[in-house]
Amino acid sequence: MPINGTVWKYGDNVDTDVIIPARYLNLSTPEELAQHCMEDLDAGFAAKVKPGDIIVGGENFGCGSSREHAPLAIKGAGVACVVARSFARIFYRNAINIGLPILECPQAVDETESGDRLAIDLRAGTIVNERTGRTYYVAPLPEFIMGIVQSGGLVPYTIKRLQEKGG
Amino acid sequence: MGHTLAEKIIAAHVINGRQEVWPGELVEVNVDLVMANDITAPIAIREFEKLGVRRVFDPEKVVLVADHFVPNKDIKSAEQCAQMRRFAREMSVSNYFDVGRMGIEHVLLPEQGLVAPGDLVVGADSHTCTYGALGAFATGMGSTDIAVAMATGQVWLRVPETLRVVYYGELQPWVGGKDLILYTIGAIGVDGARYMALEFAGPVVDALSMDGRFTMANMAIEAGGKAGLFACDQVTRAYVNGRLRRPYQEHQPDLDARYARVLEIDVSKIEPQVAFPHLPEHTRPVSQVGEVRIDQAVIGSCTNGRLEDLRIAATILRGRRVHPDVRCIIIPGSQAVYLDALREGLIETFIEAGAAVSTPTCGPCLGGHMGILAAGERAVSTTNRNFRGRMGHVDSEVYLAGPAVAAASAVAGRIIGPDAL
């Protein structure tokens, strides 16, 4: 399933407190959380982001809390993929678990700017910057993790496994 | 080739038999304990219900703690707690801790003897790594992981590499676990241990109290770490014996274990540390802080809300007054800590000094309640994060420090160490 959208580019260490401030942690649906996504970093984001858009970040994207509200807010806002130089580990796990595609590609990040359009093919592992015409190759996710992503997240994946076990 | 602590504990929990594990491997493990709190449980419960299982894998191995937005700060928070309370009842989870009988989760669980050396613990809170101080592999995850763990008693893990940090030399006055870990994060950066297990060792660590070890392990995540481990020793044994209701497994790292990196730190030159806004890695020795006036001082949290921390604060506040321009908020980390502090006269010291003393709660640490900052305000805090907007308005600032610096700063009205009082 190809992804094609406009880039919102941010820097290093985009933390979970700016992705979804704690004052909104008594909300839990993606729709509610999306309204406050990135609020303390980019107040205009939530209102202007379009379904299919792509967030591009630097090092250690999603650092800080384990709050699943962070990738939920991003997914709820319609963001189709997050591309970063590197991800903090709990955010990385959470994104996979909720079926939010994420890719680590330092070179793509360095050569991409806000407003660019990217075309991403998760299965092929390619990112194309439509402005520059450059193509980047991303190391494929481990098969087990790809299985979770392809199932739509950890819950659908687990339901399938529980059914296979007959439990 | 030998193994690190993380590799050994994970190997002991791999499903379907004993085997060695190596960094980078993806494994599925049995967990000894699964935990969630009032802000992470609602999503976990929602996902759990989607799984279609009717009960948790083992009610004795699930822990639910109301600590973040409690006592409930608004209707939505009250509804989240009500939901968690209902779930605990339906699932016969007896390890359910509510207002008046709780503490901040990472202070409470060790105190209650719920975590043992050698355990593999997952919690829906990033500071679950705190239990590494007990020689347990403990790591924070999101609500969906915890939902699946509650249903199946299993999680998938990527075996981490280990970064070993050896602390040697002579600890200086007022330097404690918080200063050591802040110094370390300053040295390696907020992603210096990304995806790695930290292993803390050395003669300084051997001599450190459990409270100091909990503080260090607590902030492993602030360097990006998956876990922050201490090997079990007589300090650990003294702490757990009498608290634990089950046998436990001690692990030691092998002498020929392979570490991704070994860092040796001479503590002799380390002063009390202060982490400047807006990253925990922006550390400076307290003598190099310059003039930083503060509006608020917070002493508490899962990082520094234990009895030893309160004793240090009381030593400094005794016979002194909180500066007229400062709000000093002190939060014992659990009911037991609160009661001990009361019996030792610490609470009286705090109130006589002009500090506010609160029931256990995470409160201001994450900008929830009990001490939020307005635009332009500054706090010195014994908490663990100082990202932009962490404690309130996006234009407020949080400086991280240990209890000695926080208490001294509360008196002075600006950030100083106790020696400068």
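Helix α3 of chain B covers residues 75–90, and at 1.5 Å a residue its 16 residues should span 22 Å. The end C-alpha atoms are 22 Å apart, which agrees. The expected span is 1.5 Å times one less than the number of residues. This is a predicted model: local features need pLDDT of at least 70, side-chain atom pairs count only at pLDDT 80 or more, and totals for chains, interfaces and linings use all residues. Residues are numbered from 1 along each chain as its sequence is written, and chains are lettered from A in the order in which they are written.

**Helix α3(B)**

- Helices are DSSP runs of H or I with at least four residues, strands are runs of E with at least two, and both are numbered from the N terminus.
- Ser77(B), Gln80(B), Cys81(B), Met84(B), Phe87(B) and Ala88(B) are buried (20 or more other C-beta atoms within 10 Å of their own, C-beta atoms being placed from the backbone).
- Seen down the axis, the buried residues of α3(B) fall within an arc of 120°, so they line one face.
- The arc is that of the directions from the helix axis to the C-beta atoms.
- The face turned away carries Ile75(B), Arg86(B), Arg89(B) and Glu90(B), which are exposed (12 or fewer such atoms).
- Cover for the buried residues includes α2 (41–51), β3 (62–65) and β4 (96–97) of chain B.
- Just after α3(B), Ser92(B) has a positive phi of about 55°.

**Contact with chain A**

- In chain B, 39 residues are in contact (C-beta atoms, placed from the backbone, within 7 Å) with 35 residues of chain A.
- On the chain B side, α2, α3 and α5 (143–152) each supply at least two residues.
- The largest share, five residues, comes from α2(B).

Terms used. Two residues are in contact if their C-beta atoms, placed from the backbone, lie within 7 Å.
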